[in-house]
Amino acid sequence: MYDMKGISRCQTLLGTFVQIDIEADADDRLLLSASDAAFNAIHEVQDELSFHDANSALSLVNSSAHLAPVPVSRMFWDLLSWCLCLSKDSDGLFDVSVAPALLNDGRLPNHWPANLRSGNHESIVMNNGTVYFEQAMALDFGGVAKGMAVDFAIQAIKEALSADLVQATVNAGGDIRMYDCHQQVVGVVNRCQNVEMLHMQQVAVASSAAYYDNGVSAIYHPKAMKARKMDHTVSVFASNCQLADALTKVAVLDLNHSVLNDRGAQVVLS
Amino acid sequence: MNRRHFNRQAMLITAGLVLGGQKVFAKTFLSAAQAKQIIWPDVLMEAFEVTLSKAQMKEIKSASRTRVRNNVIKGFKAESGEWLIIDQVIGKHEFIDLAVGLDAKGKVKGVEVLTYRESYGDEIMNPKWREQFTGRGAEVLVLDQHIKNISGATMSCRHVTDGINRLTHTWEQVLQHV
């Protein structure tokens, strides 16, 4: 069907366009099933962690974890543990509990009264497969789940094609991970809306830009609870897309924070 | 200098360039026939074309709360009632081509983006220029030869969601009766 030992597909998921490119020494059927597996992996993340879906596992936690401990999946548990660790290492700059500020500004759908939510990441208790909020609050994985989904998709492609895989790229609205990034470039939309070409310095990149909203980003300072003004597009290259996605928030708030270096990230302003 | 070294040098020189002015990023993913193979792999289908009347367009607009720009609906249809509609929506500035599969009950079976286009560049900062440009396409440099992936751009898929909603209502109002 494709005759090029490759497939490129694009679907709408996670509120954005998800683009998958695969080159492999494989037939059409295998290429198709590898791309299906990648999209399915992203679907699973969306179904579990969407803030916008009132029926997602995340919405169940947000609606009732302040009343009693809520059992969560392994995916949820692992991601939340990882996020809390990064919150600690970034001195609270990365914080999945900034959702109430985004709710108040209309950037997230308000399923529940936001003004009743005052807790932060320190109010989260994880115990025996359950999550409990000591104070009413709301989690939002919007700053990390897209990157995680991209990692899962690349993993699904690698598992489907194993040694036959030559090159693969998954791009979810600018959160990009490649299998084999050697000599690859990526176009980054800079502060003037021009496209600037950057080398893929590591396998994953995520960027945060503010040109589209008068310089106001969707990144909130966890202490001030205000959206951050940005002068540049901030791109973070890292060893996986979840990390790149999450660290863009830290880089926007404090470009010199030690966690960026400690986690092996490279930051480029454009 | 061997070829590999030359390529590397060329790449290093190319990377870091800023592409100023207005540019269109366009990437074709699948042909309509390939999308059909993915969404309806074993279903025998024939090409169809339906022209909507003004009254039908008005009904669809009212039901879907989405503007109906084109009065011609095209794609493939199976005798058993499955549809594959080839449609266009306007993204932020440019047209995006879609294939939308609807089953015999009008339920969405699958959606594939066929061609994604978007504009970047200095001129987009100017709202008046942007307004004039919207929906008219662009005769400018196509970038997909050089850049296969873009980061740092807002890429909301709301327009696609609206387009799918419009097509399900088009089935409801018109196609199911054809």
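## Packed helices

In chain B, helix α3 (residues 54–64) packs with helix α5 (residues 158–173) at an angle of about 130°, their axes being 9 Å apart. Because of this angle, α3(B) is oblique to α5(B). The model is a predicted one, in which local features need pLDDT of at least 70 and side-chain atom pairs count only at pLDDT 80 or more, while totals for chains, interfaces and linings use all residues. Residues are numbered from 1 along each chain as its sequence is written, chains are lettered from A and ligands numbered from 1 in the order in which they are written, and side-chain values use heavy atoms, with hydrogens and water left out.

Some terms are needed here. Helices (H or I, at least four residues) and strands (E, at least two) are DSSP runs, numbered from the N terminus. Axes are lines fitted to C-alpha atoms, for helices over the stretch in contact, and angles run from 0 to 180 degrees between N-to-C directions. Angles under 35 degrees count as roughly parallel, over 145 as roughly antiparallel, 65 to 115 as roughly perpendicular and the rest as oblique.

The crossing of α3(B) and α5(B) is right-handed (the near helix is turned clockwise from the far one by less than a right angle). On the α3(B) side, B:E59, B:I60, B:A63 and B:S64 meet B:N165, B:R166, B:H169, B:T170 and B:Q173 of α5(B); contact means heavy atoms within 4.5 Å. The residues of this contact between α3(B) and α5(B) comprise two nonpolar, five polar and two charged. In this division, Ala, Val, Leu, Ile, Met, Phe, Trp, Tyr, Cys and Pro count as nonpolar, Asp, Glu, Lys and Arg as charged, and the others, Gly among them, as polar.

The axes of helix α5 (residues 145–161) of chain A and helix α6 (residues 241–253) of chain A come within 7 Å and cross at roughly 165°. Because of that angle, α5(A) is roughly antiparallel to α6(A). The crossing of α5(A) and α6(A) is right-handed. From α5(A), the residues A:A145, A:K146, A:G147, A:M148, A:V150 and A:D151 meet A:C241, A:Q242 and A:D245 in α6(A). The contact of α5(A) with α6(A) holds four nonpolar, two polar and three charged residues.

## A helix with buried residues

Which residues of helix α2 (residues 32–39) of chain B are buried? They are B:Q34, B:A35, B:K36, B:I38 and B:I39, where buried means under 20% relative accessible area, exposed over 50%, and partly exposed in between (1.4 Å probe, protein chains only). The buried residues of α2(B) pack against β1 (6–13) and α1 of chain A, and also against β5 (83–90), β6 (95–102) and β7 (108–120) of chain B.

A:K146 lies in helix α5 of chain A and is partly exposed, at 23% relative accessibility. Leaving out residues up to four places away in sequence, A:K146 touches A:L14, A:T16, A:A172, A:G173, A:D175 and A:D245. A:K146 and A:A172 are 26 residues apart in sequence, yet their C-alpha atoms are 6.8 Å apart in space.

A:S56 sits in the loop between α1 (28–49) and α2 (57–64) of chain A. This residue, A:S56, is buried, with a relative accessible area of 1%.

Most residues other than glycine have a negative phi. A:Q183 has a positive phi of about 60° although it is not a glycine; A:Q183 belongs to the loop between β7 (175–179) and β8 (185–189) of chain A and is partly exposed, with a relative accessible area of 26%. A:Q193 likewise has a positive phi, of about 70°, without being a glycine. A:Q193 is found in the loop between β8 and β9 (195–199) of chain A and is buried, at 6% relative accessibility.

| Chain | Helices and strands | Buried residues |
|---|---|---|
| Chain A | seven helices and 14 strands | 57% of 270 residues |
| Chain B | five helices and eight strands | 46% of 178 residues |

From the N terminus on, the elements of chain B follow the order α-β-β-α-β-α-β-β-β-β-α-β-α.
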